[in-house]
Every structure is written in structure tokens, then in C-alpha cells.
Amino acid sequence: MSRPPLHWSCLHQCGACCRLAPAERQEALEALSDDQQTIYLEMVGEDGWCRHFDQGGRRCRIYEDRPDFCRVSGLAELFALPAEEVNEFAIDCCRQQIRSVHGGRSLELRKFERLIRSPQDADD
């Protein structure tokens, strides 16, 4: 019996991707253009979290207007990925970031694993 395909989707109120600490995300930072790097670094707060992340509500305060590098749809161009690889790449990135921020046994990671296994439209 084959497993159904996984579908990337954003886990609301997770915020792992909003942990921008450049020392922890060097590979992502290096993939950005000079202009994008400037924007990225301006977004980093003293604690390493994005200045636009509402930690109490665990949500992005500029979600609709966030930079392209904060969007999964921008991954293909940013990392020169073929479109068919973006879903798997996004899933792997999220898993890694959620483990790093919340832990490998966290409720957020368990919720994400359930979410990507349920058929639904992907969020960006």
C-alpha cells in the first residue's frame, strides 16, 4: 500500500520561520540577493525573531505584505528549484526550522506532520 503524497501547508500560529537569527540561518541568508539581505537583516530583532512577528499571538503582523523570501512561492526562484521540487523542499525546510525552534518532539512538529498528510490547498 503506497502512502498518499505530502502537501506543504503553513502551520498557523507556529512562527518557526519567523526566527530569523542570521547565525542560525546562514544558508538562507546567503541565498538572498544583496537587496533581500538588507531587508532580511533589518527585520531581525535583538532577540533573533522577526520584528513583525507577534510572539503573543504567534502570527505575522505583515503577512499580506511580507517580502518574497518569506513566501514558499519564492523558494523556486530563490534556490533555483524546478517547480516539482518546491513542495518537498518546503516540507523539509519547515521540518528543520520547526525542530530547531520548537524541538523534535514538539506539538508544533506533530501538528505540521498531520497537516502535510491531510489533503488540502497549500497556503503561502
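Contact is taken here to mean heavy atoms within 4.5 Å. The structure is a predicted model, in which local features need pLDDT of at least 70 and side-chain atom pairs count only at pLDDT 80 or more, while totals for chains, interfaces and linings use all residues. Residues are numbered from 1 along each chain as its sequence is written, and side-chain values use heavy atoms, with hydrogens and water left out.

Gln97 is located in helix H4; helices (H or I, at least four residues) and strands (E, at least two) are DSSP runs, numbered from the N terminus. With a relative accessibility of 13%, Gln97 counts as buried, where buried means under 20% relative accessible area, exposed over 50% and partly exposed in between (1.4 Å probe, protein chains only). Apart from neighbours within four places in sequence, Gln97 is in contact with Ala16, Cys17, Arg19 and Arg25. The backbone oxygen of Arg19 is reached by the side chain of Gln97 at 3.3 Å.

There are 3 aromatic pairs in the structure. Rings of Phe, Tyr and Trp (its six-membered ring) pair if their centres lie within 6.5 Å; planes under 30 degrees apart count as stacked, over 60 as edge-to-face and the rest as tilted. One of the pairs joins Tyr40 and Phe69, whose ring centres are 5.8 Å apart and whose planes stand at 50 degrees, so the pair is tilted. Because Tyr40 lies in helix H2 (residues 34–43) and Phe69 in the loop between strand S2 (59–60) and helix H3 (75–78), this pair ties together parts that are 29 residues apart in sequence. Both Tyr40 and Phe69 are buried.

The rings of Phe79 and Phe89 also form a tilted pair, because their centres are 5.0 Å apart and their planes are at 50 degrees. Phe79 belongs to the loop between H3 and helix H4 (83–102) and Phe89 to helix H4, so the pair ties together parts that are 10 residues apart in sequence. Phe79 is partly exposed, with a relative accessible area of 25%, and Phe89 counts as partly exposed at 22% relative accessibility.

In helix H5 (residues 107–117), the buried residues are Glu108, Leu109, Phe112, Glu113, Leu115 and Ile116. Viewed down the axis of H5, these buried residues fall within an arc of 165 degrees, so they line one face of the helix; the arc is that of the directions from the helix axis to the C-beta atoms. Helix H4 is among the elements that cover the buried residues of H5.

Conventions:
Polar contact = N/O pair within 3.5 Å; in protein donor to acceptor, adjacent residues only side chain to side chain.
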